[in-house]
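This briefing concerns the structure shown below. Please keep the sequence and the model at hand while reading.

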Amino acid sequence: MFYSATLILVQSASSITCFLRLFTCTSLVSLGLNSHPPPPCLYPSPSLTRLSWSTLRTTMLHLTTGRVGCLLSKQAVVALTSSGARMSSHGHHEVSDSVDMSQPMYWDRLDTPLPDRPWKDVLDSTDKSLKQKEKGPWTALSKEEKIALYRLKFNHTYPEMKRPSHEWKTVIGGMFIFFGITGLVVFWQGHYVYPPQPHTFGEEWQAKQIQRMLDMRINPIEGFSAQWDYKNKQWK
Amino acid sequence: MFRAAVRLSVSGARSLTRPQLGLTAPLAQRCYAHGGKLESDEEFDARWVTYFNKADIDAWELRKGMNTLIGYDLVPEPKILEAALRACRRLNDLASAIRILEAVKDKSGPHKKIYPYLIQELRPTLDELGISTPEELGMD
């Protein structure tokens, strides 16, 4: 019974992470955030940390390249992050919900410091005047202006890209929940499904069985009967 | 010769006291993918400096160069970075210059002494061009 229990637990644990991510991602998608089917994830592994969506800035979706294990969740996340999730203006992006993958994309990646396009494409007049000032000597720029220029071109700084997420707590918690549910299932099974124990497991029967084994001198040299002290009628 | 010492894939617990490290790592490290001669560190550096020093470099070339350089298993020499920063200046792109500094800091990984050394070496260029480091801008 314990063997089957551990087996079930191991099996459930081994599929937890992928399933949980899929579960959370699709549940978020189903909250009406994306009415269109997600576009295929053509790019191998963009860092999808560019969630500028304050309400659903769930740490569960900080999927960096090394951690994406489930293709389906990847697709769901691409859909989520692309579908109107940006608050800054992106002129050459669509009014519809899906990303135009034929255009250069922006992404924050540690190993790609300069992405294919700047973060903010549509510059208002203050941005444009700042860009004009950038053509002059940079010593004339104040700190705030330099920071503003950086933020025009990039979304997250490197430390922001590398910030830790709280996703592991969700995953571990979900794992334990599934363990618990599985444990309940196993317990119910043991109570309602298993047939009664054979009569040979009873105390009396076992005692008689042991006595018979001793009388037969089972494994008298190194094994069972060798542990029994026949003179003093007790275990050695 | 920084690069040879800072093979990031074999970083281990090597401590960098000064840039002039006792370099026990092998010198030439460009592999001969098509059976040619190994490129030395100087040749590698020179090649990249020439790349960034192109007078009419365009934005794509800058991006491509930087992304490729960051993809290598090394921290670029200050002279390569200087050429890259000057290329940013020619392209009127301060943000990319700051980004480059962030990227090399990240590239050094656990070797904390590399980045201050790079900044120290680049300080004249940074002052001349007016590039602030991410630390000066409070972005760390």
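Which backbone nitrogen lies 2.8 Å from a polar atom of the side chain of Asp58(B)? The backbone nitrogen is that of Glu61(B), a polar contact (a pair of N or O atoms within 3.5 Å; within protein, one must be able to donate a hydrogen and the other to accept it, and residues adjacent in sequence count only if both atoms are side-chain atoms). The model is predicted: local features need pLDDT of at least 70 and side-chain atom pairs count only at pLDDT 80 or more, whereas totals for chains, interfaces and linings use all residues. Residues are numbered from 1 along each chain as its sequence is written, chains are lettered from A and ligands numbered from 1 in the order in which they are written, and side-chain values use heavy atoms, with hydrogens and water left out.

**Chain A overall**

- Chain A has 8 helices and 2 strands, where helices (H or I, at least four residues) and strands (E, at least two) are DSSP runs numbered from the N terminus.
- The order of these elements from the N terminus is α-α-α-α-α-α-α-α-β-β.
- Of the 236 residues in chain A, 34% are buried (buried means under 20% relative accessible area, exposed over 50%, partly exposed in between; 1.4 Å probe, protein chains only).
- Chain A exposes about 14,300 Å², with 64% supplied by carbon and sulfur atoms (Shrake-Rupley method, 1.4 Å probe; for residues, only the protein chains shown count as cover).
- Among contacts (heavy atoms within 4.5 Å) in chain A between residues at least 6 apart in sequence, those joining residues at least 24 apart make up 64%.

**Interface between chains A and B**

- Contact between the chains involves 29 residues of chain A and 26 residues of chain B.
- The buried area between them is about 2,500 Å², and carbon and sulfur atoms give 61% of this; buried area is the accessible area (1.4 Å probe) that two parts lose on being put together, summed over both.
- Leu114(A), Trp138(A) and Lys146(A) supply 31% of the area that chain A buries against chain B, more than any other three residues.
- There are 3 salt bridges between the chains, each a side-chain nitrogen of Lys or Arg within 4 Å of a carboxyl oxygen of Asp or Glu.
- One of these pairs Asp108(A) with Arg99(B), whose closest N and O atoms are 3.2 Å apart.
- On the side of chain A that touches chain B, α5 (143–153) and α6 (158–161) each supply at least two residues, and the largest share, 6 residues, comes from α5(A).
- By class, this side of chain A has 15 nonpolar, 5 polar and 9 charged residues (Ala, Val, Leu, Ile, Met, Phe, Trp, Tyr, Cys and Pro count as nonpolar, Asp, Glu, Lys and Arg as charged, and the others, Gly among them, as polar).

**Individual residues**

- Asp58(B) lies in the loop between α2 (41–52) and α3 (59–71) of chain B and is partly exposed, at 35% relative accessible area.
- The C-alpha atoms of Asp58(B) and Leu91(B) are separated by 7.1 Å, although the residues are 33 apart along the chain.
- Arg117(A), in the loop between α3 (71–82) and α4 (125–134) of chain A, is buried, with a relative accessible area of 6%.
- A polar atom of the side chain of Arg117(A) lies 3.3 Å from the backbone oxygen of Trp119(A).
- Met66(B), in helix α3 of chain B, is buried at 0% relative accessibility.
- Beyond its neighbours within four places in sequence, Met66(B) is in contact with Pro113(A), Leu114(A), Phe52(B), Ala84(B) and Ile100(B).
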